[in-house]
Amino acid sequence: MHELYTQGWFRNFVLPMGLCALVTGISLVHRFADKGRLLGTARSTALCGTIMACTCAAAVITITLLLPHAADVPPAVAAAAAGGALAPRVRQQQNQQSTPPFVAVITLGIAVLLGHLERRLIHDMYCHCHRLVRDFEDIAQLRMFAFDARAHLRGCAVQTKDKTTIDGLYEDVEALLDEAAKVEADVEARRRQRELQDFPKELHSRTREEAEDCRQALAKAKEACVQMLQFGYRHGKRSGDRDLMRIRQAAMAVEPLTEAPTPHP
């Protein structure tokens, strides 16, 4: 290893690039820890790879152009500093300090990619969680899925505060499901009343407005369920996705139930 380190190409390029890629990866994980999964989809993975490649390229330029004027700075240190520049700096605004010019230059184009990556992570997370609930058209099935998903997320949560957050999000889902069931009951009661009063046959089914009211009420419950699933997506593991898919399939396989109570004439 010592003989390899004495080689100029290894000491000045290969080793710095390896350190830069490693530090960049760690910085990205730290920066987007609560935003989603860096390797969740092919596009987010490609963006991560592009950011790492650009950072390594910036490190090469730095080593080539600047280090001859700062011989006391090892190339590996400069490359690691380039990767570490992507880590979030929490105290930057508090201290009212601007980004150092050196860091600003090498991260100018990377900042745009970081913005794209953040939007991609949020988009991927929402699409993944929305796919789990979008096919539910029955309130009882969605209620069953939400209950079992909440139990799964609580079981996977380590900290008590995470379990409390999941319980709070589930309460929101339950409240909106109850509201959707009430809307369904009111619509069904009006429809039955039209049947009993011998309205024209075309009025025996739901009107367009009534169907839209039911759809919107169910959509609000789905959106609240997505919020609960997103919390699990951010704090859980990829292996948990398979468990949620099994829970979804089990809920979808149950015979649809009518939650709306039968009105009394």
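**View 1. Confidence across the predicted model.** The mean pLDDT of the protein is 80, and 73% of its residues reach 70 or more. pLDDT is the predictor's confidence in each residue, on a scale from 0 to 100. This is a predicted model, in which local features need pLDDT of at least 70 and side-chain atom pairs count only at pLDDT 80 or more, while totals for chains, interfaces and linings use all residues. Residues are numbered from 1 along each chain as its sequence is written, and side-chain values use heavy atoms, with hydrogens and water left out. Among the elements, helix H1 (residues 2-5) has the lowest mean pLDDT, 55. Helix H7 has the highest, 95.

View 2. One covers residues 90-100. The model has four contacts for this stretch beyond four places in sequence. Contact means heavy atoms within 4.5 Å. The other stretch is residues 259-265, with eleven such contacts.

**View 3. The fold as a whole.** The protein has ten helices and zero strands. Both are DSSP runs, numbered from the N terminus: helices are H or I with at least four residues, strands are E with at least two. Of the contacts with a separation of 6 or more, 78% join residues 24 or more positions apart. Buried residues make up 37% of the 265 residues. Buried means under 20% relative accessible area, exposed means over 50%, and partly exposed lies in between (1.4 Å probe, protein chains only).

**View 4. Helix H7 against helix H8.** The axes of H7 (residues 139-156) and H8 (residues 160-196) come within 10 Å and cross at roughly 175°. That makes H7 roughly antiparallel to H8. Axes are lines fitted to C-alpha atoms, for helices over the stretch in contact, and angles run from 0 to 180 degrees between N-to-C directions. Angles under 35 degrees count as roughly parallel, over 145 as roughly antiparallel, 65 to 115 as roughly perpendicular, and the rest as oblique. On the H7 side, the contact includes Ile139, Leu142, Phe147 and Arg150. Ala, Val, Leu, Ile, Met, Phe, Trp, Tyr, Cys and Pro count as nonpolar, Asp, Glu, Lys and Arg as charged, and the others, Gly among them, as polar.

**View 5. Helix H8 against helix H9.** The axes of H8 and H9 (residues 208-235) come within 9 Å and cross at roughly 170°. H8 and H9 are therefore roughly antiparallel to each other. Their contact has 17 nonpolar, two polar and eight charged residues.

**View 6. Cysteines without a disulfide.** The structure holds zero disulfides. A disulfide here is a pair of cysteine sulfur atoms within 2.5 Å. The sulfur of Cys225 is 9.0 Å from the closest cysteine sulfur, in Cys129, too far for a bond. Cys225 is buried, with a relative accessible area of 0%. Cys214 is buried as well, at 5%.

**View 7. Arg248 and its contacts.** Arg248 sits in helix H10 (residues 239-253). At 13% relative accessibility, Arg248 counts as buried. Leaving out residues up to four places away in sequence, Arg248 touches Arg131, Leu132, Asp135, Phe136 and Phe145.

**View 8. Asp34 in a loop.** Asp34 lies between helix H2 (8-31) and helix H3 (42-65). At 48% relative accessibility, Asp34 counts as partly exposed. The C-alpha atoms of Asp34 and Phe231 are separated by 9.1 Å, although the two residues are 197 residues apart along the chain.
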